[in-house]
Amino acid sequence: MTTKIHACVDALGNPIRLILTAGQVADITQGAALIERINAGAVIADKGYDSDDLVQIIEETGAQAIIPPRSNRKTPRTVDWHRYKARNLVERFFC
């Protein structure tokens, strides 16, 4: 009954890729598809995209994964919080 928009934007907040799913689909299921064949120095995402598999995919492309760890993560990763502030670009895309 609902639809979710998964979005990838560039460093200026311009849309690069949009994926539509049912509202109940978890964000992480679309993480790899959102960044597929996109060259980037860093991928900034919220906690919904925190998974070892996605971080590995990001790092294999040579990009830095800037994703805060979920609170239930057994081994929390460090996050560059200064760079994470740029995540607001995707929020502004939607507004």
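User: Which helices and strands each supply at least two residues of the lining of the largest pocket?

Analyst: This is a predicted model, where local features need pLDDT of at least 70, side-chain atom pairs count only at pLDDT 80 or more, and totals for chains, interfaces and linings use all residues. Residues are numbered from 1 along each chain as its sequence is written, and side-chain values use heavy atoms, with hydrogens and water left out. Helices (H or I, at least four residues) and strands (E, at least two) are DSSP runs, numbered from the N terminus. The elements are strand 1 (3-9), helix 1 (31-35), strand 3 (42-44), helix 2 (52-60) and helix 4 (88-94).

User: Which element gives the most to the lining of the largest pocket?

Analyst: Several elements contribute at least two residues each, helix 1 and helix 2 among them. The top contributor, with six residues, is strand 1.

User: How many disulfides are there?

Analyst: A disulfide is a pair of cysteine sulfur atoms within 2.5 Å. The sulfur of Cys 8 has its closest cysteine sulfur in Cys 95, 18 Å away, so the two are too far apart for a bond. The count is therefore zero.

User: Is Cys 95 buried or exposed?

Analyst: Buried means under 20% relative accessible area, exposed over 50%, and partly exposed in between (1.4 Å probe, protein chains only). Cys 8, at 13%, counts as buried. Cys 95 has a relative accessible area of 90%, so Cys 95 is exposed.
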